[in-house]
Amino acid sequence: MDYLGRLSSSGRWRGGAGSRDPIDRSGAVVECTVERSSGNAELDAATCAALRKRARFVPARDDAGVAVSSTRVQSVRWTMPRDRLISQGARMTYTLDPTGHIIGCKIDEFGAHDPDLTCSPQMVEELAQSYLSKSLNHYASVAILLAMEVDDGSEINVLRSVDGERKVIEQVRIRVSSEGVVTECMPSQVGEVNGRPLNLCGGPVQVGQKEFESDSNGKERTLLVGFELTGQPR
């Protein structure tokens, strides 16, 4: 998952199953299957779509030097630069019918606009199953909040639900040097979905990397990244 469109996601793809081989004799990708997900279905689909459309490989050849179809496994890393260290958040609110099916989704943002942010029904269903106390048909809506809060007094409480069943799924505190380098990532709460850990410090946040712009006042800064789920009962 690409947290707020600012944290990176990565995964592995492999040519898919079926009668056709993943890479044809011209080097074009004709089949693609995600072997290790980034955690976001839309990003996984975009990865395969981009590979099928744009990727070209030097064709494999047999012992006689004739081009043949082949299979390849490759890691793909998606990143979006974080130009500033600011408080920002996005809340995706999914409306549910009485049977628990998603019938709508609304996105609210604070602090910055991410044009690539989209709703992911599969993700909210998995999170609700793992963290909410009841099945989806007991809720009128379910909201996911992705938030980054800086230690300068800025807060994104405007996006937080004031009532309902609220679960903090994951939370990490990141220390950033005056040069914009992440010097420390400290998980305070680590969640998982269907046995898959969602530890931000395990990949999306890279300690030792320059992730942000330098601070004009030469100050070290702290960033709190949170991932929350709220279910609004009927």
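Entry 1, terms. I call a residue buried under 20% relative accessible area, exposed over 50%, and partly exposed in between (1.4 Å probe, protein chains only). By that rule I noted Glu149 as buried, at a relative accessible area of 14%. I am working on a predicted model, in which local features need pLDDT of at least 70, side-chain atom pairs count only at pLDDT 80 or more, and totals for chains, interfaces and linings use all residues. Residues are numbered from 1 along each chain as its sequence is written, and side-chain values use heavy atoms, with hydrogens and water left out.

I took a salt bridge to be a side-chain nitrogen of Lys or Arg within 4 Å of a carboxyl oxygen of Asp or Glu. The count by this rule is seven. I looked up Glu149 and found its side chain in a salt bridge with Arg160, at 2.9 Å from N to O. For the elements I used DSSP runs numbered from the N terminus: helices (H or I) have at least four residues and strands (E) at least two. Glu149 sits in strand E8 (residues 139–150) and Arg160 in the loop between E8 and strand E9 (165–176), so the pair ties together parts that are 11 residues apart in sequence.

Next I followed Arg160 to Glu228, where the side chains meet in another salt bridge of 3.0 Å, N to O. Glu228 is in strand E13, while Arg160 is in the loop between E8 and E9, so this pair ties together parts that are 68 residues apart in sequence. Both Arg160 and Glu228 are buried; for Arg160 I noted 18% relative accessibility. Glu149, Arg160, Arg166 and Glu228 are linked in a network of salt bridges.

I also checked Asp108, which forms a salt bridge with Lys106, the closest N and O atoms being 3.8 Å apart. Asp108 is buried, with a relative accessible area of 18%, whereas Lys106 is exposed at 53%.

Arg221 lies in strand E13 (residues 221–233). A polar atom of the Arg221 side chain lies 3.1 Å from the backbone oxygen of Glu213. I then listed contacts (heavy atoms within 4.5 Å). Not counting residues up to four places away in sequence, Arg221 touches several residues, among them Leu85, Asp151, Arg175, Glu213 and Asp215.

H1 (residues 41–54) has 14 residues and reaches 20 Å from its first C-alpha to its last, close to the 20 Å expected at 1.5 Å a residue. The expected span is 1.5 Å times one less than the number of residues. Where are the buried residues of H1? I listed Leu43, Asp44, Thr47, Cys48 and Leu51. They cover an arc of only 135° around the axis, which puts them on the same side of H1. The arc is taken from the directions from the helix axis to the C-beta atoms. Exposed Lys53 and Arg54 are on the face of H1 turned away from its buried side.

Thr33 lies in strand E2 (residues 33–36) and is partly exposed, at 36% relative accessibility. Thr33 and Thr47 are 14 residues apart in sequence and 9.7 Å apart in space, C-alpha to C-alpha.

Technical notes: A polar contact is a pair of N or O atoms within 3.5 Å; within protein, one must be able to donate a hydrogen and the other to accept it, and residues adjacent in sequence count only if both atoms are side-chain atoms.
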